[in-house]
Amino acid sequence: MKYAYYPGCSANTSGKEYNRSFRLIAKALDIELVDVPDWTCCGSHITYVFNPALAASLSARNLALVEKMGEGIEMVTICSGCYQTFKRSNELLKHDATIQAKVKEALEAVNLSYNANVKIHHALEVLTTQEALDTISKKITKPLKGLKVAPYYGCAVVRPKFEDTFDDPENPQSLDRLLKVLGAEPVFYIDKVRCCGGVLIMKQERVGLEMIRRLLTNAKRAGAECIVTPCALCHLNLDIMQPKVERAFKQKFNMPVFFFTQLIGLALGLKPTELGLHKHMVPTISFLQSKGVEVLV
Amino acid sequence: MSPVTHKITPEMIDPTFEATLKKRLGEKGKKIPLCFQCGVCSGSCPVAFAMDFTPRQIMELIKLGVKDLVLSSSTIWLCAACYSCSVRCPQGIDLKQVMDTLKEMALEDPKYGKAEKAFYEKFIEVVRRNGRVDEVALYVKVMPKSAVMRNLGFGLKLYQKGKIKLSPSKSSADQVAKIFEKVLATEVQKQ
């Protein structure tokens, strides 16, 4: 299987290890990733508020580049925000004549054109098809035996509901299924699709911290020993901001947060450092060892 | 939450407010009158605890034409754009899109959203200049200087973990700048 790969901006900063681990497991599972050349910002929902035509044009530039990569090639991204933005732009470019006209003009200025035909996938979607789960299951060498994990999907990967959204907006199952294949135990997590606050942490820190605190509290109450997510922004909030939450509310969580690609990598026998597990704020490697998960060091 | 005791005065009212909003929302605007105040949006909203008006109250204020309270509410800026309300509304109202459009209207009107405007402008500026977004560059730009100083130790730890880099990533910024120029120029012509 071959995909045009759009890493998204967070792949170079807070989601570095997400990008790295996705590339590694794609290789291990014979999924070919060809980077979209000179990709730029997807537009993002923030630009959408400021100027929808501008946001759609920024999306379309990247999608036009994907179209040039070959007939019928489909795109995959690890960023939930980019996934949502691209889908939204595609939908507007199919149905909204005003936006279509503006985007066409904007792309002409950079000698590009886009026909709104590129299919957009999230890495979680690509790695949890029955076929992918079967391949993963055959290649597991280090199952995550009995690890109790809260499957945290966040918002953008399941909402809003587009024509071809791959999972349920209220009670998605893809991550749950994957965890079972990896040998882990998904706990029943009431907040699996509840928003982490996203960029509110930058604009209204105290509100953001309170939202994160709730997610961590309910994960703990559900019996989870760690959390897994397919979103770099959720990871930033849950892992990087966790010490801040602990300080603000005088509450200790000690809740490691993994990208789902890292858990796949561990089960496939990849080294924790290759997967960037040492890059997290909440210690992960000592945690895994304490849970009796066999990890290569 | 403390009880809201606003007195609606004539200056707060714009009788054309609902119609304007509906028009801007296009097809989606047609659903606005269908709101029957069930409150599923407010019950689903993960940020409702911090808002001055809940999403349900905003819907009612829209119908009452109280533009001033809507556009100066904290609600529209606290909306985290998570779409929980939109997927659950039994009347099929895309409330997240309503919030987006209210934000747009507030940003256009010098009376509202002054503090918020800076965030959007700085975000756009980072994209225009670099072609890509760098969370740290954005964080530093958006944060008040005092908060940046308070977070220095935290920043250092992130740097050690390789989570932030000092030089922002850039890509085809010239092309992105051209797209900006083109789209924003046609907007100005239109006005």
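Predicted model: local features only at pLDDT ≥ 70, side-chain atom pairs only at ≥ 80, totals over all residues.
Q37(B) sits in the loop that links α1 (17-25) to α2 (40-44) of chain B. Phi of Q37(B) is near 60°, a positive value, and the residue is not a glycine. Q37(B) is also exposed, with 11 other C-beta atoms within 10 Å; the cut-off for exposed is 12 or fewer.

N254(A) belongs to the loop between α12 (242-249) and β8 (257-259) of chain A. With 13 other C-beta atoms within 10 Å, N254(A) counts as partly exposed. Another loop of chain A, the one between β5 (148-151) and α8 (174-181), holds P160(A). The peptide bond from R159(A) to P160(A) is cis, with omega at about -10°.

Back in chain B, α1(B) turns up again in a helix pair. Its axis and that of α7(B) come within 10 Å and cross at roughly 110°. That angle makes the two helices, α1(B) and α7(B), roughly perpendicular. As for handedness, the crossing of α1(B) and α7(B) is right-handed. On the α1(B) side the contact is made by L21(B), R24(B) and L25(B), and on the α7(B) side by Q97(B), V98(B) and T101(B). Sorted by class, this contact between α1(B) and α7(B) has three nonpolar residues, two polar and one charged.

Then there is the sheet of chain A. It is an open one, built from four strands in the order β6-β5-β7-β8, with parallel pairing. β6 (185-186) and β8 of chain A are the edge strands; each has a single partner strand, so one side of each has no neighbour in the sheet. β7(A) and β8(A) run parallel and are joined by three bridges. T229(A), for instance, has F259(A) of β8(A) as its bridge partner. Helix α8(A) packs on the sheet and touches β5, β6 and β7 of chain A, its direction making about 160° with that of β5(A).

Helix α13 of chain A, residues 260-267, is mostly covered, and eight of its eight residues are buried. These buried residues run from F260(A), T261(A), Q262(A) and L263(A) to I264(A), G265(A), L266(A) and A267(A). The cover over them includes α1 (16-28), α6 (123-127), α7 (130-139), α8, β7 (226-229) and β8 of chain A. After α13(A) comes G269(A), with a positive phi near 90°.

That leaves the meeting of the two chains. Here 44 residues of chain B are in contact with 45 residues of chain A. On the chain B side, at least two residues each come from α6 (84-88), α7 (95-108), α8 (114-130), α9 (135-142) and α12 (173-190). The largest share of that side, eight residues, is supplied by α12(B).

Conventions: Residues numbered from 1 in each chain as written. Chains lettered and ligands numbered in written order. Contact = placed C-beta atoms within 7 Å. Buried ≥ 20, exposed ≤ 12 C-beta atoms within 10 Å, placed from the backbone. Axes fitted to C-alpha atoms, helices over the stretch in contact; angles between N-to-C directions. Parallel < 35°, antiparallel > 145°, perpendicular 65-115°, else oblique. Left-handed = near helix turned anticlockwise from the far one by under 90°. Nonpolar A, V, L, I, M, F, W, Y, C, P; charged D, E, K, R; others polar. Pairing = 2+ DSSP bridges.
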